[in-house]
Amino acid sequence: MSGDVRRLHPSSILFGLLRTIKQFLFALLVTIFLASSGNQWALLGTAIALGFSGIKSVFDYITVRYQIRDGDLIVDEGLIFKRHRTVPVERIQNIDHLQNPIHRFFDVAEVRVETASGKDPEAVLRVLSMTDLQRLQENIFSQQSVCGDEKIVAVADEGIVGPKPVDPVQSPTTQEGSTEGNPAEGKPIQAQPAQAQPTQVYEIPLSMLLKYGAVSFRGLTLIPVVFGFYWQWQWSGPESYRRFRGNLPDVSWLQTSWFVYIAAALCFVLFVVLGSAGWFAIRFYGYRMTRSGDDIRVSCGLLTRVSATIPRDKIQLVSVQSNLVARWLGLATIRIETAGGAGTENNKQAEGVLARMWFVPVCRQSDVDRLLHEIRSDLSAGEDLPWQATSPRTRRRLLRLYVALAVLIGLIYGYLGGVGGYFATPVFIGMGVWTAIRYSRSLRYARGPDRVAYRSGLWIRRASMLFYDRVQSVVVTQGILDRRWNMARVKVDSAGSGPAKHRIEVAYLDADFAAHEAAAICASATGMLTGDLKQSSEIKRRDDAGAAPKMLPRPVARP
């Protein structure tokens, strides 16, 4: 396909029309209602709008062209207002595609090409045949291999001598015993042939999806529906309930209010559990992870099939997460962040972001290390890292905060609920003390040889690891309370912060220790990028109060 100009699949005309109908579905229903009432102008306006939409879909099919030429993906579109987009192949991070049932019927897919810009996809091709999609992926990945080899040869030809940068992902073709050339000697590295068939890494059975979905409490998003039913019940419910109660057996406890409340609570819990399990099963049905060379591919979905290709060397951050009930069941979730997956989390059409956000939607905790090894050969859940607690004053600071909040809540509750409500204040205080102690124990920080890690969470336990070669910035911040307690927080950012919903932002560190650790992280990140570890003598600090950036003196190691 390289150099050949390609066009969309003819069914893109139909999908363009369906997309317009979906966007203006409510307006379309209103016009149909008006037309049924005798308003023929509404029907005529709807027909004209659909006609223009069909014409636009035809023009999109005629004018959209794409090709790979001179190491660039080129997309041309438009007839009157033409748009020429050039995306360097070496900048492409992900090539994702999705298929709903209609896509699968026509054997086509909607394709999204993402770079590290962290915004919307650089190119959206609606729609391509599966054959053209496979050809596009093969050409882009082969072009990236050629570009990478040319860069290595160019560096070797310039005679640059120094420590070899650490390769975070060691390909099987670059291990000992390989017959590849040596860049230091000016010999080009030969591109290895791609694997003929992808290797299956992991599959999730339906039973595990239902189990984890039931305890994920995704059904809580249906609470507005419950309130809607309750609001409707306010008008017609009491009379219906009296008729229902009249049909119950003549048993006294069935007629009591407490039975009704307990039954309603159980029905609500059942509603949430079944809704969560159903959502999880539909979204991730048939989940399958495969690996082809240095690319990890995930696919899932019952109605809308989502497929994402993730280069291993583009992964920025890895996060292992599980809530309290999932930990009791021995289950966990693995999320990742890539450079192309930042900033589009709120885009409901970015199904590829969802696939990375739920990289492994559920797995057994015993399988976590094995799956992490697929990302990096030396990666584990972090048990081998030197974990350490935050400042010794963390518990005391949190105790004061949570107890103050508990007293405030107790006073408000007593004011609203009468004198008896004030007796609940000790209960709130006890809950605040327990939360402060448990939360302070959950905070852990580690700095390993190739990554920085952070653990946090009381109900949802999250352990995230960010690799030094993906660090974009390291910032030490101090708020008003931080300065009062002589504390600071270290924030480490990558290009893909967002989808994992957990950032490397370590709070409640001693101020001197935070400065020392930030400088050490900067030095390690610099060493990963240049191959030469250079100790930084100063780092920038930004105050939350908006003060101008200052320079911290040389960090002092923590005793």
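Analyst: Arg503 has a relative accessible area of 38% and is therefore partly exposed, a class lying between buried (under 20% relative accessible area) and exposed (over 50%), computed with a 1.4 Å probe on protein chains only. This is a predicted model, in which local features need pLDDT of at least 70 and side-chain atom pairs count only at pLDDT 80 or more, while totals for chains, interfaces and linings use all residues. Residues are numbered from 1 along each chain as its sequence is written, and side-chain values use heavy atoms, with hydrogens and water left out.

The side chain of Arg503 meets that of Asp493 in a salt bridge at 3.0 Å, N to O, the term standing for a side-chain nitrogen of Lys or Arg within 4 Å of a carboxyl oxygen of Asp or Glu. This pair links distant parts of the chain, 10 residues apart, with Asp493 in strand S19 (487–493) and Arg503 in the loop between S19 and strand S20 (504–510); strands here are DSSP runs of E, at least two residues long, numbered from the N terminus.

Asp493, at a relative accessible area of 15%, is buried, and Asp493 also forms a salt bridge with Lys491, where the closest N and O atoms are 3.9 Å apart. Lys491 is likewise buried.

Elsewhere, the side chains of Glu110 and Arg112 form a salt bridge at 2.8 Å, N to O, and both of these residues are buried. The structure holds 17 salt bridges.

Notes
Helix = DSSP H or I, 4+ residues; strand = E, 2+ residues; numbered from the N terminus.
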